[in-house]
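Let's take a walk through this fold, starting with the chain overall and ending with a few individual residues. Keep the model open as you read.

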Amino acid sequence: MNFVADHDVLRVTGLDCLSAMNCADFKQQLQPHLTGHCRIVELDCSTIRFIDSDGLGVLINLHRQLAAQSGGVRMLQPSPMVRHLLGLLHLDNVFEVIP
């Protein structure tokens with residue numbers, strides 16, 4: 001995972017799955033970046049092959065935390081699997097999805 005901050009946007013790349021196996025690590029690495037001026041997290045979804053309910057829970061909680069600061073989560077270039085999952089669960093109405 002790579003984290004690059006630019007003003008109020010944090011871009012996360014290099015993630016191939018978000019599941020119970022790596023959610024704790026993801027949250028631990030993400031948290032220090034959220035203490036500053038970060039309002040938007042852009043998650044590069046082009047390489048994500050698998051997301052489970054724990055991974056979705058982390059993303060939803062992150063969205064709620066950022067929405068309280070007038071921010072949110074952007075899902076960049078979601079893979080077909082991620083796009084299908086977001087649509088199936090109507091989370092494409094929650095997250096900003098950028099093709």
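Predicted model: local features only at pLDDT ≥ 70, side-chain atom pairs only at ≥ 80, totals over all residues.

Residues are numbered from 1 along each chain as its sequence is written, and side-chain values use heavy atoms, with hydrogens and water left out.

Along the principal axes, the C-alpha atoms fill a box of roughly 30 × 25 × 20 Å. Of the 99 residues, 40% are buried; buried means under 20% relative accessible area, exposed means over 50%, and partly exposed is in between, with a 1.4 Å probe and protein chains only. The accessible surface comes to about 5,500 Å², with 54% of it belonging to carbon and sulfur atoms. Those areas come from the Shrake-Rupley method with a 1.4 Å probe, and for residues only the protein chains shown count as cover. As for contacts (heavy atoms within 4.5 Å), take those with a separation of 6 or more: 68% of them are between residues 24 or more positions apart.

Now for the sheet. In what order do the strands of the open sheet come? There are five of them, ordered E1-E2-E4-E6-E7, and the pairing is mixed. E1 and E7 stand at the edges with a single partner strand each, so one side of each is left without a neighbour in the sheet. From one strand to the next, the twist averages 20°; axes are lines fitted to C-alpha atoms, for helices over the stretch in contact, and angles run from 0 to 180 degrees between N-to-C directions.

Pairing takes at least two DSSP bridges between two strands. In general, strands of a sheet pair through backbone hydrogen bonds, either parallel or antiparallel. E1 and E2 (residues 9-13) run antiparallel and are joined by five bridges. Among the partners there, phenylalanine 3 is bridged to valine 12 in E2, and alanine 5 to leucine 10. The hairpin of these two strands has two residues between them, and histidine 7 takes a positive phi near 60° there.

On to the parallel pairs. E2 pairs with E4 (residues 40-44) in the parallel sense over four bridges, with valine 9 and isoleucine 40 as one of the partner pairs. E6 and E7 also run parallel, joined by three bridges, and arginine 74 stands opposite glutamate 96 in E7. H2 packs on the sheet, where it touches E4 and E6, and its direction makes about 130° with that of E6.

Histidine 63 is a handy residue to look at in H2 (residues 53-67). Is histidine 63 buried or exposed? Its relative accessible area is 18%, so histidine 63 counts as buried. Leaving aside neighbours within four places in sequence, histidine 63 is in contact with Gly72, Val73, Val94 and Phe95.

What about aromatic pairs? The count is one, where rings of Phe, Tyr and Trp (its six-membered ring) pair if their centres lie within 6.5 Å, and planes under 30 degrees apart are stacked, over 60 edge-to-face and the rest tilted. Phenylalanine 3 and phenylalanine 26 have ring centres 6.4 Å apart and planes at 35°, so the pair is tilted. The pair links distant parts of the chain, 23 residues apart: phenylalanine 3 sits in E1 (residues 2-6) and phenylalanine 26 in H1 (residues 23-30). Both of these phenylalanines are buried.

Glutamine 77, in the loop between E6 (72-76) and H3 (80-88), has a positive phi near 45° although glutamine 77 is not a glycine; at 45% relative accessibility, glutamine 77 is partly exposed. Histidine 90 lies in the loop between H3 and E7 (96-98), and its phi is also positive, near 60°. With a relative accessible area of 55%, histidine 90 is exposed.
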